[in-house]
Amino acid sequence: MSDERPQNESDQFDEIVGAETDRDPDLAVIEAGSRTLRAQSGPPQGDGIPSRPADPEVDRALREVEGALAGRWPETKLDPSLVRIEALMDILGSPQRAYPSIHITGTNGKTSTARMIESLLGAFELRTGRYTSPHVQSITERISLDGAPISAERFIETYQDIQPYLEMVDAQQEHRLSFFEVLTGMAYAAFADAPVDIAVVEVGMGGSWDATNVVDAGVAVIMPISLDHTDRLGTTPEQIATEKAGIVKQGATVVLAQQPVEAASVVLKRAVEVDATVAREGMEFGVLSREVAVGGQLLTLRGLGGEYPEVFLPLHGAHQAHNAAVALAAVEAFFGIGTQHARTLDIDTVRAAFASVTSPGRMEVVRRSPTVVLDAAHNPAGARAAAEAVTESFGFSRLIGVVGASDDKDVRGLLEAFEPIFAEVVVTRNSSHRAMDPDELAAVAVEVFGPDRVQVEPRLDDALEEAITLAEEEGEYAGAGVLVTGSVITVGEARLLLGKG
């Protein structure tokens, strides 16, 4: 990417480079906002989380599909190979090659960034398909067309259309196609059938052997890399980055969020090997400034083509500001800005796109008096981002945590990240078979918080009720709040219990 800038921009941009360098790269987070500055933007239109189908026949058919998918290998059981998904794509006629793609990997921030990229592309009148995981409440969330989850009817039809081919591939392979492989096939088929102008594809896990990696994406986005899924991806940033860099294809543009030095080195080496162009956060693009705003934050972003001032983002957390910078750079790269074109995107269109972004379950307020916030942080880096964000965005006088985590996560690291901001924590579990036993979680929590600050409520509904009661003890105007976190599943179930979706 060209690094030439007008002289009046260079001093200001040098400040971002310093700020990005000083920022802890393992976290890739800073602050967040929602209180002092009112931005002149309309509210997002809906949250993109569908309810169960109202038609009982459709609901029955959807449950049958969900049951068929659940009978396959779950997302947590992996065979690091593209053999099965390549066989499926081949028999379906390679639908993933019917449209260009932006492919997104990294440890944290993938879904929010995918939603921002989708919003930007849609604002420029492109028909989008988005594939993300996991879902918050409904499996249909994973496959979106034109910025909205596909209908239950379309989800069912897509599964039924490819079902005969699934059976053919299953019969030919040592292992049947997995849950995630089938969903990936469904997404690529639905996008080709629509048809979409571009697909925004989030990696499920890793990169090289992830089922999504049958696309040949012209833009590869690598979000901040930290330690997660270490039993499958590696125990060091270098090992994890090696796996994630596998999405970088010949001649692509790599949009690289701020990284640990070891991880960045691996990605840059991969880029050299495949003759890819690299745009780095803090060098070719970044966040020039941000101010806390009512309902979000007001940003000035530096893109690959120039500066974008007064961009309102209705999401809390400076990690979301950095996600926005990455999303903008990815869309610019898709349009050839920074290589073929030295210009910015239309600023009014960019502003409108960011102002309409939603990201359910990410610093999402679902209740007032007391305020209840949901955040799907499930690893230490995500938890530190959430802790920073909730502190600056809300300024609670007393914060009660509700934590339900999976047993394969770094639960101690997650709890330690929240310890400074939680006055008390209520530990619980969600309905997943992967959920950590509440008593085991409580034992770790007691070591982190001390016995007087920990309560155990095995049922999530009881945990929510207890946390809200604890927050209400300070009185209606005292400024106490509740943060529900630890797992996307916990957040999704809490969302339903609190009347969302």
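## Loops, charges and core in a predicted model

Proline 370 lies in the loop between strand E12 and strand E13 (residues 371–374), where helices (H or I, at least four residues) and strands (E, at least two) are DSSP runs numbered from the N terminus. The peptide bond that joins serine 369 to proline 370 is cis, with omega at about -5°. This is a predicted model, in which local features need pLDDT of at least 70 and side-chain atom pairs count only at pLDDT 80 or more, whereas totals for chains, interfaces and linings use all residues. Residues are numbered from 1 along each chain as its sequence is written, and side-chain values use heavy atoms, with hydrogens and water left out.

**Backbone geometry**

A cis peptide bond also runs from serine 133 to proline 134, with omega near -10°, and proline 134 belongs to the loop between strand E2 (128–131) and strand E3. Most residues other than glycine have a negative phi, and most peptide bonds are trans. Aspartate 146, although not a glycine, has a positive phi of about 55°; aspartate 146 sits in the loop between E3 and strand E4 (148–149). Glutamate 310 is likewise not a glycine and has a positive phi of about 50°, but its place is within strand E11 (residues 307–313). Aspartate 146 is classed as partly exposed because its relative accessibility is 45%, on a scale where buried means under 20% relative accessible area, exposed over 50%, and partly exposed in between (1.4 Å probe, protein chains only). Glutamate 310, at 54% relative accessibility, therefore counts as exposed.

**Salt bridges**

A search of the whole structure finds 22 salt bridges, a salt bridge being a side-chain nitrogen of Lys or Arg within 4 Å of a carboxyl oxygen of Asp or Glu.

| Acidic residue | Basic residue | N to O distance |
| aspartate 170 | arginine 72 | 2.8 Å |
| glutamate 472 | arginine 367 | 3.4 Å |
| aspartate 461 | arginine 459 | 2.5 Å |

Aspartate 170 and arginine 72 form a salt bridge, and the pair links distant parts of the chain, since aspartate 170 belongs to helix H5 (residues 152–172) and arginine 72 to the loop between helix H2 (56–70) and helix H3 (83–91), 98 residues apart. Aspartate 170 is buried because its relative accessibility is 13%, and arginine 72, at 7%, is also buried.

The salt bridge between arginine 367 and glutamate 472 likewise links distant parts of the chain, with arginine 367 in strand E12 (residues 364–367) and glutamate 472 in helix H15 (residues 460–472), 105 residues apart. Arginine 367 has 28% relative accessibility and so counts as partly exposed, and glutamate 472 is partly exposed with a relative accessible area of 40%.

In the pair formed by aspartate 461 and arginine 459, aspartate 461 is partly exposed with a relative accessible area of 28%, whereas arginine 459 is exposed at 51%. Elsewhere, salt bridges link Arg52, Asp59, Arg63 and Glu66 in a network.

**A negative patch**

Asp55, Glu153, Glu157 and Asp161 gather on the surface in a patch of negative charge; such patches are made of residues with over 30% relative accessible area and no salt bridge, like charges being joined within 9 Å and nonpolar side chains (Val, Leu, Ile, Met, Phe, Trp, Tyr) within 5 Å. Within this group, glutamate 157 is placed in helix H5 and, at 45% relative accessibility, counts as partly exposed.

**Nonpolar core and contacts across the sequence**

The largest nonpolar core has 41 residues, and those with the most contacts inside it are Leu69, Ile143, Phe155 and Phe191; a nonpolar core is a set of buried Ala, Val, Leu, Ile, Met, Phe, Trp, Tyr and Cys residues joined through side-chain atoms within 4.5 Å. Two or more residues of this core are given by each of H2, H3, strand E3 (143–145), H5, helix H6 (179–193) and strand E5 (198–202), and the largest share, ten residues, comes from H6.

Alanine 194 is found in the loop between H6 and E5 and is buried at 17% relative accessibility. Asparagine 323, in helix H10 (residues 318–334), is buried at 6% relative accessibility, and its C-alpha atom is separated by 6.6 Å from that of glycine 109, 214 residues apart along the chain.

Notes. Accessible areas come from the Shrake-Rupley method with a 1.4 Å probe; for residues, only the protein chains shown count as cover. Lys and Arg count as positive and Asp and Glu as negative; His and the chain ends are not counted. The place of a charge is taken as NZ of Lys, CZ of Arg, CG of Asp or CD of Glu.
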